[in-house]
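Okay, thanks for making time, everyone. I'd like to walk you through one model today, so let me put it up on the screen.

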Amino acid sequence: MTTTTHQAAESDSYLTVNNIEVIYDHVILVLKGVSLQVPKGRIVALLGANGAGKSTTLKSISNLLAAERGDVTKGDIMFKGTRVDQMTPNELVKRGVIQVMEGRHCFGHLTLEENLLTGAYTRSISRAELKQSLEMVYHYFPRLKQRRMTQAGYTSGGEQQMCAIGRALMAKPEMILLDEPSMGLAPQIVEEIFEIVKNLNQSERVSFLLAEQNTMVALRYADFGYILENGRVVMEGDAKDLASNEDVKEFYLGLSSAGRKSFRDVKHYRRRKRWLS
Amino acid sequence: MQFFFEVLIGGLLSGVMYSFIALGFVLIYKASGVFNFAQGAMVFFAALTFVGIMEMGVPFWLALILAFGAMVLLGIATEKIVLRPLVNQPPIALFMATIGLTFFVEGLAQAMWGASVRGLDLGIQDEPIGWILEATDIGVSKFDLFAAGVAAVLVTALALFFQYTRVGRALRAVADDHQAALSIGIPLQNIWRIVWAVAGFVALVAGLLWGARNGVQFALVFTALKALPVLILGGFTSVPGAIVGGLIIGSSEKLAEVYLGSYVGGGIDSWFPYVLALAFLLVRPEGLFGEKHIDRV
């Protein structure tokens, strides 16, 4: 790649994570140089097993790390040409980057509608505009409208996930960091939620960076994918290419050309050393 | 029967006084999940500051505003120095911190204004209201009725604030889930500052009323202990609960004193509320109006 095309690619992308290292509690090294890019208006999937660093990557972008005593010690994070790694979540939400946390985290004692309304906290808007945003969310999640007066704690897992995404939408984000939307949900609901994500991406032009363990579904809806392992990106590519890649099939989709294999036969994966930049 | 009503009304009204203290606990507990042990000390600090400013010859309303300002400053300082470094620590750590805060605030108040007992006159006498006494032969204290009126206004205002305003909603959201509130861009620091300022204001009102009744003195700190059974009865998370709990505690302790006291040699009202609270814990640990912990199975 020549320098000029590289720079062009750089300016194209919207959210850029550059070789970040994250340490929790001053001692636990979790991310060992992760770089990734999310172009405007795309869905990018961040895949990997438990503990690979998917959530940590998302949290370092949204800067929820500080509250968990984590710290970005190296590298930088750029959003639309501004460095954002030292900003508070409040400033980031105002700039249009919002995270939907793993495990939904709805406000259990607030009704679904109140949950949605809190999402607009960072926008100082009139009642009419608030109403309009609310209707927009109900348009994508009709189920929330039906149950709007129910306390979120008494709704189903799928409804809570919808509530969490809807709440984030109320902040009028440009980019949503979606952490493990399929967690603990029935396959049918997972499909429904990914359909809505795709729909939001196309009609509202919201970009998504989503962390998922459900590799199969995530790659079907995403445009691009990164695979994390032990705090490093080990593979990246177009979602289609990744889905058809033999190694990905074997390690993450549980499919193999040679049928079931014993662990003894599993080949050791050679990681690309892209973190040594 | 008349005597019964007189005791009952007197008890209810004195219960309102407990409610004021309980209210401060509820506000902070609701918004930050911290049981603020220092609420009693804040009441003392507020009352002493108000009286201290008055003694310098400042008119009533200005003194009220200045004392409120002092409470807001205290709240902001608490957030900055005590709470912020302890974000994401277990609740017990925060609770311990508020115990430390108690001693500090008690000391600060006395260092600033001296430790002597002072009187406080709000211009409302603690005497029976004439026409009620004439019409029904029941003595209702003017002062107590005034306190009840203040409580009603305060609670209505707080309830409306929590239920219908943007900040109120954010406060409840923060109470439910800090992290989620942070993730949608609610600035926790601001929210906590607001809560401590509001709790400071409630402490000021409580301090003025209690101070006018019993004198502004160190013993105000211990009135906070009376709020504990109120909280257990009403629930730690409910503003109306604090009021209803206060009314129940106030009336039951007076009635128990009058009707049961003679069998056990009197002095019943100092321990009866705690027994009541203990019994309540067995039956309904979240209190009358407390939020039930919602768990999905």
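This is a predicted model: local features need pLDDT of at least 70, side-chain atom pairs count only at pLDDT 80 or more; totals for chains, interfaces and linings use all residues.

Let's begin with helix α3 of chain B, residues 60–83. What covers the buried residues of α3(B)? The cover includes α2 (39–55), α4 (91–113) and α9 (188–214), which belong to chain B too. The buried residues in α3(B) are B:Ala67, B:Ala70, B:Met71, B:Leu74, B:Gly75, B:Thr78, B:Glu79 and B:Leu83. As for length, α3(B) has 24 residues and runs 33 Å from first C-alpha to last, close to the 34 Å expected at 1.5 Å a residue.

Now over to α9(B), where B:Val202 sits. Is B:Val202 buried or exposed? Buried, because it has 27 other C-beta atoms within 10 Å. Setting aside neighbours within four places in sequence, B:Val202 touches B:Phe20, B:Leu23, B:Gly24 and B:Leu27. There's also B:Leu154, 48 residues away along the chain, with its C-alpha 8.4 Å from that of B:Val202.

B:Phe20 turns up again in the next bit, the packing of α1 (residues 2–32) and α6 (residues 142–164) in chain B. Their axes come within 9 Å and cross at roughly 45 degrees, which makes α1(B) oblique to α6(B). The crossing is a left-handed one. On the α1(B) side you have B:Leu13, B:Ser14, B:Val16, B:Met17, B:Ser19 and B:Phe20, and α6(B) brings B:Asp144, B:Leu145, B:Ala147, B:Ala148 and B:Ala151. By class, that contact splits into 8 nonpolar, 2 polar and 1 charged.

On to where the chains meet. Chain B puts in 19 residues and chain A puts in 30. On the chain B side, the elements giving two or more residues are α7 (166–176) and α8 (178–183), and α7(B) has the largest share, with 6. That side of chain B comes to 9 nonpolar, 4 polar and 6 charged residues.

Last, a quick look at chain A. Its secondary structure is 11 helices and 10 strands, and 43% of its 277 residues are buried. Take the contacts in chain A between residues at least 6 apart in sequence: 72% of those join residues at least 24 apart.

Conventions. Residues are numbered from 1 along each chain as its sequence is written. Chains are lettered from A and ligands numbered from 1 in the order in which they are written. Axes are lines fitted to C-alpha atoms, for helices over the stretch in contact, and angles run from 0 to 180 degrees between N-to-C directions. Helices (H or I, at least four residues) and strands (E, at least two) are DSSP runs, numbered from the N terminus. Angles under 35 degrees count as roughly parallel, over 145 as roughly antiparallel, 65 to 115 as roughly perpendicular and the rest as oblique. A crossing is left-handed if the near helix is turned anticlockwise from the far one by less than a right angle, and right-handed if clockwise. Two residues are in contact if their C-beta atoms, placed from the backbone, lie within 7 Å. Ala, Val, Leu, Ile, Met, Phe, Trp, Tyr, Cys and Pro count as nonpolar, Asp, Glu, Lys and Arg as charged, and the others, Gly among them, as polar. The expected span of a helix is 1.5 Å times one less than its number of residues. A residue is buried if 20 or more other C-beta atoms lie within 10 Å of its own, exposed if 12 or fewer, and partly exposed in between; C-beta atoms are placed from the backbone.
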